Protein chains: 2
Amino acid sequence: MIIFQNLLPSFERILQSELRSIQRTEPLQLYEPVAYTLQGGGKRIRPVLLLHAASLFTHQLEQFYPAAFAIELFHNFTLLHDDMMDHAGIRRGLPTVHIKYSENSAILSGDAMSIMAFRYLSKCNCIDLATIFDLFSTTALEVCEGQQYDMEFEQRDSVLIPEYLEMIRLKTAVLLACSLKIGALLASSPKRDCELLYDFGINIGIAFQLQDDWLDVYGDENTFGKKIGGDICENKKTFLYLKALELSTDKKRSILQSWIDLKEFDANQKINAVRDIYTESGAEKATRALMTKYHNQAIEALDQLSIPKSDKLELQNFAQTVVDRVK
Amino acid sequence: MIIFQNLLPSFERILQSELRSIQRTEPLQLYEPVAYTLQGGGKRIRPVLLLHAASLFTHQLEQFYPAAFAIELFHNFTLLHDDMMDHAGIRRGLPTVHIKYSENSAILSGDAMSIMAFRYLSKCNCIDLATIFDLFSTTALEVCEGQQYDMEFEQRDSVLIPEYLEMIRLKTAVLLACSLKIGALLASSPKRDCELLYDFGINIGIAFQLQDDWLDVYGDENTFGKKIGGDICENKKTFLYLKALELSTDKKRSILQSWIDLKEFDANQKINAVRDIYTESGAEKATRALMTKYHNQAIEALDQLSIPKSDKLELQNFAQTVVDRVK
């Protein structure tokens, strides 16, 4: 998914130059894992959304790069600590920090990244820094809450669909929404536009996560870039799973449950069987319908923005890419 | 060590009321360990120093309590993550968070505490929030650097005395100094006074850590509240140890080294033997002399403050308590 082609290369250039200086900062053992994590790639969606939102209201973007960098730092901090909590060994094809360095490195360098995010944010030239800081810290805390719910849901027997949607709102959507709103706030956009961009971000963020769940089951391994069926093998309580439980016949539900309970299984067999239940029960259709609903809500928010229609095109395309994406 | 008797109870009251609301916040499993950590006690030195510094320039202190709470949150966050990294099982007589709850709880609730500190700080009613945020985030990062050096020194064969002093400046002194300076900044004190209070904090912070090292060897178990000789048993490279290596005769140095190398030993025997070397080599005297030097430098900074002499008395007493303290 390549978005906002003009902003991505310039952000990447500034990020890489920043990382070269971070990498040389003492103590090296603290800062090297920070640079390693950020150099590992990623789509840079959040910082680019921040810069794009600002560009809708001003052409002076240079001053907003520290904030864009702050958002990317924070996002990567959450991945780093989440990977340690989830015992994940690989991220973007590379060993995770707690594996490559040590668990203590992962804890402490992650802590440093979170703090650095706030430090970069404080470099922003903005008259209303209190609002920016309040929004960013509230969002950061919500992301922690999302991760907490995600971990709890794995231990729980049952999860309600509204609970699941709230979890992905917190874990995924709020940071996308916050990126857009900070961009708009920094560019001193009208208050209502800030809120509309936030709404757009929430809705597109939830659609993004639903598409992620969908791709994990129905994606093409070659284009998706990671193994298909991971969520099924790990018995993740995704929307597809929760909806299938709701829509299935008693018989199908007990088959689904027996796959969940099975300690040893052939992965492909389980993935195929569960995928069939998702499809036959209508859970797949319901997932795509819900995604469309959130996508439409995002577009409605976009429509109300007080900017020329032509300026909305890129966010409109972005929203389309989110639901159409194959990786 | 009881300081600033009028500020401590009012801070404690506000903190406890804040904790009651934190404890009831969902998800409970995220916020309960936060309240547990902060309820565990502690001397509340940093928030009280912040409030006291502000009180030197204004009588309207209510508005500064969120900042004081932010500092206490951040300090306790560092203890929580440090305890996990150091595999410490007990803190203030209670099980540490990674033992009582889980390692994932310790990581995530710690992360939340660090973010909450920034959130409380953003509630401060201050015209120059950028300066406050820049100072606090810089300090927070320095504390991480200090912890990194501390962990590295345990693995290294040799550590230079200036390296050790820099480590304790980062790990201990900067947060004390930052507390005082934020208090002064919030109260719109003259710029030079902010810097002098920061200097006072750095010097008294280093003296505080040297006294801590000293108490670990020469303290009285009943009044110090923790086991004497912990640093000796763990071969911690404290100032006492580094100075003893420097001042000892070759013979004594090799005896000290052989105690370090010994994998199995009687704790009391090792503590007594190493303590004797510290005393005989003059390392104990050198520690007290260095502490006095930092204490004097702190008092010099205090002398230059542009406030009435009588208003300096409490910080003067505090400085005296730091070097005289037995717990």
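At 18% relative accessibility, Cys126(A) counts as buried in this predicted model.

**Exercise 1. Determine how many disulfides the structure holds, and examine Cys124(A) and Cys126(A).**

Step 1. A disulfide is a covalent bond between the sulfur atoms of two cysteines. The cut-off for the sulfur pair is 2.5 Å.

Step 2. For Cys124(A), the closest cysteine sulfur belongs to Cys126(A) and lies 7.1 Å away, so the distance is too far for a bond.

Step 3. Seen from Cys126(A), the nearest cysteine sulfur is that of Cys124(A), and Cys126(A) is in no disulfide.

Step 4. Over all chains, the count of disulfides is zero.

**Exercise 2. Classify Cys124(A) as buried or exposed.**

Step 1. The limit for a buried residue is under 20% relative accessible area.

Step 2. Cys124(A) has 6% relative accessibility and therefore counts as buried.

**Exercise 3. Describe how helix 3 and helix 4 of chain B pack.**

Step 1. Helix 3 of chain B covers residues 45–55 and helix 4 of chain B residues 65–85. Their axes are 8 Å apart, at an angle of about 155°.

Step 2. Because angles over 145 degrees count as roughly antiparallel, helix 3 of chain B is roughly antiparallel to helix 4 of chain B.

Step 3. The crossing of helix 3 of chain B with helix 4 of chain B is right-handed.

Step 4. Helix 3 of chain B contributes Arg46(B), Pro47(B), Leu50(B) and Leu51(B) to the contact. From helix 4 of chain B come Tyr65(B), Ala67(B), Ala68(B), Ile71(B), Glu72(B) and His75(B).

Step 5. Sorted by type, the residues of this contact are seven nonpolar, one polar and two charged.

Conventions:
Residues are numbered from 1 along each chain as its sequence is written. Chains are lettered from A and ligands numbered from 1 in the order in which they are written. This is a predicted model: local features need pLDDT of at least 70, side-chain atom pairs count only at pLDDT 80 or more; totals for chains, interfaces and linings use all residues. Side-chain values use heavy atoms; hydrogens and water are left out. Buried means under 20% relative accessible area, exposed over 50%, partly exposed in between (1.4 Å probe, protein chains only). Axes are lines fitted to C-alpha atoms, for helices over the stretch in contact, and angles run from 0 to 180 degrees between N-to-C directions. Helices (H or I, at least four residues) and strands (E, at least two) are DSSP runs, numbered from the N terminus. Angles under 35 degrees count as roughly parallel, over 145 as roughly antiparallel, 65 to 115 as roughly perpendicular and the rest as oblique. A crossing is left-handed if the near helix is turned anticlockwise from the far one by less than a right angle, and right-handed if clockwise. Contact means heavy atoms within 4.5 Å. Ala, Val, Leu, Ile, Met, Phe, Trp, Tyr, Cys and Pro count as nonpolar, Asp, Glu, Lys and Arg as charged, and the others, Gly among them, as polar.
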